[in-house]
Amino acid sequence: MHMQDDAAVPVGDTADHIAEARQKACRMLAGESHVGNVDDVRQALIRARDGVLLTWAVWVALDAFQVETEVGGLLIAFAAGMALLLGLTTGIATLTQLRYYESELERERNEIRDMPEHERDELRELYAAKGFRPPLLDQIVDTLCADDDRLLKVMMEEELGLFFHNVNHPVLVGVWNAAGALVAALLLAIPVCYLDAAATRWWMPIGGTVLLALLACIRGRATQRIIPTLASWIVVGLVTGGVVHFVGRTFAGG
């Protein structure tokens with residue numbers, strides 16, 4: 001969907017134009033804005049999972065270096081900073097997505113107004129690729145082109161693969177995700193303030209697993225994949241913790 005100084009794009013270039021537009025959308029959605037495509041609840045659960053796993057990894061590093069003083073306080077301080085970071089990055093990602101959608105809407109709206117025949121050719125190309133043939137193809141194109149708003153929605157979905165859904169304000173999304181990460185991390189970190197080193201060594205893996213199980217159960221209500229989700233999260237935690245422990249002990253001379 002590129003404007004070319006209000007000049008019509010040759011019909012023979014329609015397929016290349018569509019392919020280029022789709023590649024642009026794929027590149028855009030592969031970056032930060034992709035985060036915003038997940039609904040807010042599942043996104044916050046993912047951030048809560050990250051809070052648990054990152055707090056676990058930091059504790060493993062502290063244990064590898066045999067740091068025993070104020071470990072609970074260190075974990076709480078880390079949880080606060082980590083939650084802020086995740087909230088900011090998620091909010092920025094949502095803002096990026098919204099701005100991209102707005103720019104593409106405006107660009108497509110201008111093309112529909114200034115180059116109606118070009119948009120009609122694109123629409124024919126898109127639906128011909130789906131297997132429609134005249135006269136049905138002509139009827140579909142005529143029907144869609146009869147309403148600019150309907151045509152705008154169809155072109156955004158068919159050409160760029162941008163499907164519209166409700167997106168909360170970026171600030172709200174950021175706060176929601178930061179809160180999810182902070183609460184999950186604190187649930188794991190706060191008990192460490194009241195446990196000795198020996199008790200902490202059993203609390204961190206057990207408490208982390210329990211928290212991950214709870215998050216997986218909540219997420220599983222939508223995906224119906226509780227066991228696979230929990231198993232994959234635990235494997236990620238074990239691998240991450242193992243690598244952190246190995247590297248930490250290596251540098252600690254142990």
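This is a predicted model: local features need pLDDT of at least 70, side-chain atom pairs count only at pLDDT 80 or more; totals for chains, interfaces and linings use all residues.
The crossing, with α2 passing α3, is right-handed. To see the contact, show the side chains of Gln43, Arg47, Asp50, Gly51, Leu54, Thr55, Val58, Trp59 and Leu62 on α2. Their partners on α3 are Val71, Leu74, Leu75, Phe78, Met82, Leu86 and Thr90. Coloured by class, this set shows ten nonpolar, four polar and two charged residues.

Next, go to the loop between α2 and α3 and pick Gln66. Check its backbone: phi is near 55°, a positive value in a residue that is not glycine. Most residues other than glycine have a negative phi.

The α2/α7 crossing is right-handed. On the α2 side, select Asp40, Val41, Gln43, Ala44, Arg47, Ala48, Gly51, Val52, Thr55 and Trp56. They meet Val173, Trp176, Asn177, Gly180, Ala181, Ala184, Ala185, Leu188 and Ala189 of α7. By class, the contact of α2 with α7 holds twelve nonpolar, five polar and two charged residues.

Which helices each supply at least two residues of the lining of the largest pocket? Select α2 (40-64), α3 (71-114) and α8 (197-223) to see them. The largest pocket holds about 210 Å³ of space. It is lined by 16 residues, and those closest to its centre are Glu68, Val71, Val192, Ala197 and Thr200. Val71 is also one of the α3 residues that meet α2.

Now move to α4 (residues 116-129) and α5 (residues 136-145). Their axes come within 10 Å and cross at roughly 135°. Helices α4 and α5 are therefore oblique to each other. The crossing in which α4 passes α5 is right-handed. On α4, the contact uses Arg120, Leu123, Arg124, Tyr127 and Ala128. On α5, show Leu137, Asp138, Ile140, Val141, Asp142, Leu144 and Cys145. The contact of α4 with α5 has eight nonpolar and four charged residues, with no polar ones.

For the last stop, select Pro135 in the loop between α4 and α5. Is the peptide bond from Pro134 to Pro135 cis or trans? Reading omega gives a value near 5°, and the bond is cis. Most peptide bonds are trans.

Conventions:
Residues are numbered from 1 along each chain as its sequence is written. Side-chain values use heavy atoms; hydrogens and water are left out. Axes are lines fitted to C-alpha atoms, for helices over the stretch in contact, and angles run from 0 to 180 degrees between N-to-C directions. Helices (H or I, at least four residues) and strands (E, at least two) are DSSP runs, numbered from the N terminus. Angles under 35 degrees count as roughly parallel, over 145 as roughly antiparallel, 65 to 115 as roughly perpendicular and the rest as oblique. A crossing is left-handed if the near helix is turned anticlockwise from the far one by less than a right angle, and right-handed if clockwise. Contact means heavy atoms within 4.5 Å. Ala, Val, Leu, Ile, Met, Phe, Trp, Tyr, Cys and Pro count as nonpolar, Asp, Glu, Lys and Arg as charged, and the others, Gly among them, as polar. On a 1 Å grid over the protein atoms alone, a cavity is a set of points where a 1.4 Å probe fits but cannot get out, and a pocket is an open set with protein on both sides within 12 Å along at least five of seven lines; lining residues have an atom within 4 Å of a point. Grid points are joined across faces, edges and corners, and a volume is the space filled by probe spheres set on the points.
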